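Please examine the sequence and the structure shown below before reading the explanation that follows.

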Amino acid sequence: MRENGLAKQEILKILEKKLEKDFSYSSGSILGSMCTEPLDFGVEIYLKYISKNLGDPGLFLGTAALEEELVSEIGELFNEKNIIGTFTTGGSEANLIAMRIAKKLKPDITRPEVVVPCSAHISFDKAADLLGIKLRKAKLNDNFELDLTHFESLLNKNTCGVVGIAGTTSLGLIDPIEEIGTLVEDKDIFFHIDAAFGGFILPFLKRLNFSIPKWDFSVDAVDSITADPHKMGLGIIPSGGFFLRDPSILQKTGFEIPYLAGGNFKHFHIVGTRSGGTVIAFWAILKSLGVNGFVQIVKRCMENTEYLTAQINDMKGIKLVTNPITNVVGITTENGESICKIDEELRKRNWMLGKFEEFNLIRVVVMPHVQKSHLQNFVEDLKKILKKL
Ligand SMILES: Cc1ncc(COP(=O)(O)O)c(C=O)c1O
């Protein structure tokens, strides 16, 4: 560390240079991320309230009340107004909280297990590792849909939780949530939905008359949902969300913090100090966009998704993995060869997609920052690569 500080202008210049290597959303290069540029107004609000700390809610009673209001608004969007919930650092923390609750609610199970589809996000592996839970992974069938028979066969007396995904990381698909609900009905097994990606797109796709199966609290057996503002919610990075149907679970499983300046309270979090600014910003984003604002954003993402799928359908050598249900386009080779070579060539040209080697696919997430012109340039480069290979 320097003895004397530098002038602001000097620091800004150095930073500009050092961060040159970063990709930007506006360039179009970032085609494989589930994060996007937060809404401008949200950024403004975040900067204004950046020092609010929800890790000590007794000191920030207004912010804490705003969080509750926001949770209830999201509950309405997810078809159950009287939920509780909290905002997290992202989907991984929210999923970890859900897995911990599943385990805590079943203290008599000495070797707890959770059943997840094998398309589940890596955060469930992390949570299982941290919590000493055995993760049982259910197979997918040839259409990348969950094999329900296999899922059911993995349930046993040690199962404390099951997970369904509404918007998978690899393909944006929705698991059969109602059917999983029927499997666990009356079994006293905690049922968590990972809608980290889908949470802030599926309600709006429904408004646009897309055929979206039930995935939220409208399914009676669903106990909790992960849904992330920093993905399709256009919230500040990082901000995730965890939402829970039964408020009494907080009393049963929450951590009590004994020393805070604002007084004791119970919470679910892994972290202590927690951003209030991201929560206030998301409250403002929902107020500013309203349902119709989100519907317009989602409509544009889906139009761009349709453009890209039509282009891929016309190309020789590659094909769609499935017909997209959401704004995620999975691409694989026509002849079953590895997709890695194409991915490498795309990266050389600065197209940064997600690669899923276990499914032999690369995928574009057509986020709000992805413009049709970006996709047109991407398609041109992809055609050139296919010609050369
Ligand atoms: C379905 C799903 N769940 C959870 C996560 C983890 O979210 P985060 O990166 O915010 O921790 C992701 C990330 O892409 C995801 O796609």
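How many nonpolar, polar and charged residues does the shell around the ligand have? By class, four are nonpolar, nine polar and two charged; here Ala, Val, Leu, Ile, Met, Phe, Trp, Tyr, Cys and Pro count as nonpolar, Asp, Glu, Lys and Arg as charged, and the others, Gly among them, as polar.

The model is predicted: local features need pLDDT of at least 70, side-chain atom pairs count only at pLDDT 80 or more, and totals for chains, interfaces and linings use all residues. Residues are numbered from 1 along each chain as its sequence is written.

The protein has twelve helices and 13 strands (DSSP runs numbered from the N terminus, with helices being H or I of at least four residues and strands E of at least two). Helix 4 (residues 91–104) contributes three residues to the shell around the ligand, the most of any element.

Strand 2 (residues 113–117) is mostly covered, with five of its five residues buried; a residue is buried if 20 or more other C-beta atoms, placed from the backbone, lie within 10 Å of its own. Glu113, Val115 and Pro117 point one way from strand 2, while Val114 and Val116 point the other way.

Strand 2 runs parallel to strand 3 (residues 134–138), joined by five bridges, and the bridge partner of Val114 in strand 3 is Leu135. Strand 2 also pairs in the parallel sense with strand 4 (residues 159–165) over three bridges, where pairing requires that DSSP finds at least two bridges between two strands. In strand 4, Val162 stands opposite Val115.

Methods. A residue is buried if 20 or more other C-beta atoms lie within 10 Å of its own, exposed if 12 or fewer, and partly exposed in between; C-beta atoms are placed from the backbone.
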